[in-house]
Amino acid sequence: MIHKGENLHHCSVCDKGFAIRGNLKTHLQTHTKEKPHQCSECGKRFSRAHDLKKHKLLHTGQKTYHICQCGKSFTELGNLRTHQRTHTGEKPFCCSFCGRTFLRAGDLKSHQRTHTGEKPFICAICGTSFAQSGNLKVHQITHTKERPYPCTVCDKGFTTPGSLKLHMRTHTGERPFLCSACGKGFTASGQLKRHQECHMRDTVQSSPSEDIGVVVASK
């Protein structure tokens with residue numbers, strides 16, 4: 001008879017204990033990187049059958065968990081519960097450093113790196129490290145020269161969505177950054193800042209306290 005809390009099966013790598021042998025077997029795959037369960041649709045592999053089952057829902061489009069407030073549906077119960085917090089305002093994950101709260105545990109973990117300075121995502125080519133995986137992905141493009149964000153007008157490629165958005169203004173003529181002194185518009189905030197320095201030089205002698213502000217055009 002196995003009593004609650006009794007761990008009879010121990011991992012030979014890290015000595016973690018398990019009450020059920022099957023759980024130990026699954027745990028060992030985290031060390032061996034073995035992924036015996038393969039998706040027949042896309043070939044992606046998983047260490048646990050349960051993870052494969054959840055993954056297959058992405059192919060079938062089946063969303064069995066529904067939320068009444070907005071009618072949105074989810075493939076996993078955990079995702080539904082997380083989404084519900086956007087309605088209730090609940091943020092159960094609290095930063096022990098500054099007290100800031102978050103919807104998701106992953107968001108808290110990412111935030112805490114701003115306090116600890118941890119940068120676990122390392123570029124395999126140059127060794128530069130990053131706190132966020134997304135920042136590493138953007139950095140790696142500097143090595144591969146990949147430009148995954150193409151302009152739909154002229155087919156010019158860009159490394160980030162922000163760069164593409166800025167470029168698109170050359171086609172649309174959009175100038176959302178307006179000078180409050182003369183009304184001239186600019187495609188980027190940096191251009192506006194340089195322009196305002198011209199006004200400052202012209203007015204500093206006659207009205208040194210005059211405030212030259214920034215106005216962002218409403219979209």
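I took a salt bridge to be a side-chain nitrogen of Lys or Arg within 4 Å of a carboxyl oxygen of Asp or Glu, and by this rule I counted 5 salt bridges in what is a predicted model.

**Salt bridges.** I looked up aspartate 51 and found its side chain in a salt bridge with that of arginine 48, at 3.0 Å from N to O; aspartate 51 is buried at 19% relative accessible area, while arginine 48, at 38%, is partly exposed. I then followed glutamate 76 to lysine 54, whose side chains meet in a salt bridge at 3.5 Å, N to O. Because glutamate 76 lies in the loop between strand S6 and helix H3, and lysine 54 in helix H2, this pair ties together parts that are 22 residues apart in sequence. Aspartate 107 and arginine 104 form a salt bridge at 3.2 Å, N to O, and I noted that salt bridges with shared partners join Arg48, Asp51, Lys54 and Glu76 into one network.

**Helix H4.** Just after H4, I found glycine 117 with a positive phi of about 80 degrees.

**Histidine 167.** I located histidine 167 in helix H6 (residues 161-172), where it is buried at 13% relative accessible area. Its side chain makes a polar contact of 3.1 Å with the side chain of histidine 171, and, leaving aside residues up to four places away in sequence, histidine 167 touches Cys151, Cys154, Lys156 and Phe158.

Key:
Residues numbered from 1 in each chain as written. Predicted model: local features only at pLDDT ≥ 70, side-chain atom pairs only at ≥ 80, totals over all residues. Heavy atoms only, no water. Helix = DSSP H or I, 4+ residues; strand = E, 2+ residues; numbered from the N terminus. Buried < 20%, exposed > 50% of the residue type's maximum accessible area, 1.4 Å probe, protein only. Polar contact = N/O pair within 3.5 Å; in protein donor to acceptor, adjacent residues only side chain to side chain. Contact = heavy atoms within 4.5 Å.
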